[in-house]
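Please look over the chain below before reading my notes. Keep the 3D view open as you go.

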Amino acid sequence: MASKKKPTNFKATKSKNEIMTAVLIGLVTALIVIVIGVILLHANQTSDKTSQTAKKVDNGSVNLGSLGFRIEGGKAVIRNDSATQELRDFLKAEVKKSGCKDNNGVAAVIAHSQDEKQLLLGYGCGNSEARMFAVKKDGGWKTISPTNQFNLFNIPSCKMVDENNISNEIAPVCQNEKKVGDNLSYDYKIR
């Protein structure tokens, strides 16, 4: 018959010095993390790079998206040329005349043609959910109306993109709306 032994209880004790050392290391680590966080937060708030690509207009904003940058030597560099300044001024004017109740109009470049003469814009009051196109004609920028030619998935109507010669770079798909009675459906076309 096997003998039954009682398990031996082990009591691990740590000296006060070992406990204090562990607590001190934990506190110093937490302090370092907090200091780094504050430095990063401060650097992020004082950076002038974001103010050059996303501009505040009253309570709203203008954002050039990827058009606000160029690639040089494998790095993205903020553009400050006359073409981007002209576009920024145009979008600021659009935001100001948006009629948003709290002056919180937003305009953002979502896509642009390679020649930078056609834009797909997001716009709205407080957000950039609605869509419209803007084109550069006769030396200036103009929006294409009506802006209600986009369906719920933000796909533009084929009629609008065809009539306005919108590049398939910024509108690769279009839709034709069909309404039969109360039923609404869309036929999509790859351009």
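1. **The model.** This is a predicted model: local features need pLDDT of at least 70, side-chain atom pairs count only at pLDDT 80 or more, and totals for chains, interfaces and linings use all residues. Residues are numbered from 1 along each chain as its sequence is written, and side-chain values use heavy atoms, with hydrogens and water left out.

2. The whole structure holds six salt bridges. Here the term means a side-chain nitrogen of Lys or Arg within 4 Å of a carboxyl oxygen of Asp or Glu. R79 meets D81 at 2.8 Å, N to O. R79 also meets E116, at 2.9 Å. Helices (H or I, at least four residues) and strands (E, at least two) are DSSP runs, numbered from the N terminus. Shared partners join R79, D81 and E116 into one network.

3. **Cover in the network.** Is R79 buried or exposed? R79 counts as buried, at 8% relative accessibility. Buried means under 20% relative accessible area, exposed over 50%, and partly exposed in between (1.4 Å probe, protein chains only). D81, at 28%, is partly exposed. So is E116, at 26%.

4. **Another bridge.** K136 and E86 form a salt bridge, with their closest N and O atoms 2.8 Å apart. This pair links strand β7, which holds K136, to helix α3, which holds E86, 50 residues apart.

5. **An aromatic pair.** There are three aromatic pairs. Rings of Phe, Tyr and Trp (its six-membered ring) pair if their centres lie within 6.5 Å; planes under 30 degrees apart count as stacked, over 60 as edge-to-face and the rest as tilted. The centres of F133 and F150 are 5.3 Å apart and their planes are at 40 degrees, so this pair is tilted. Both residues are buried.

6. **Two backbone angles.** D138 has a positive phi of about 50 degrees, although it is not a glycine. D138 lies in the loop between β7 and β8 and is exposed, at 77%. N165 also has a positive phi of about 50 degrees and is not a glycine. N165 is exposed too, at 61%.

7. **A surface patch.** L24, V28, I32, I36 and L40 make a nonpolar surface patch of about 480 Å². Patch residues have over 30% relative accessible area and no salt bridge: like charges are joined within 9 Å, nonpolar side chains (Val, Leu, Ile, Met, Phe, Trp, Tyr) within 5 Å. I32 sits in helix α1 (residues 16-46).

Terms used
Areas by Shrake-Rupley, 256 points an atom, 1.4 Å probe, with all protein chains shown as cover.
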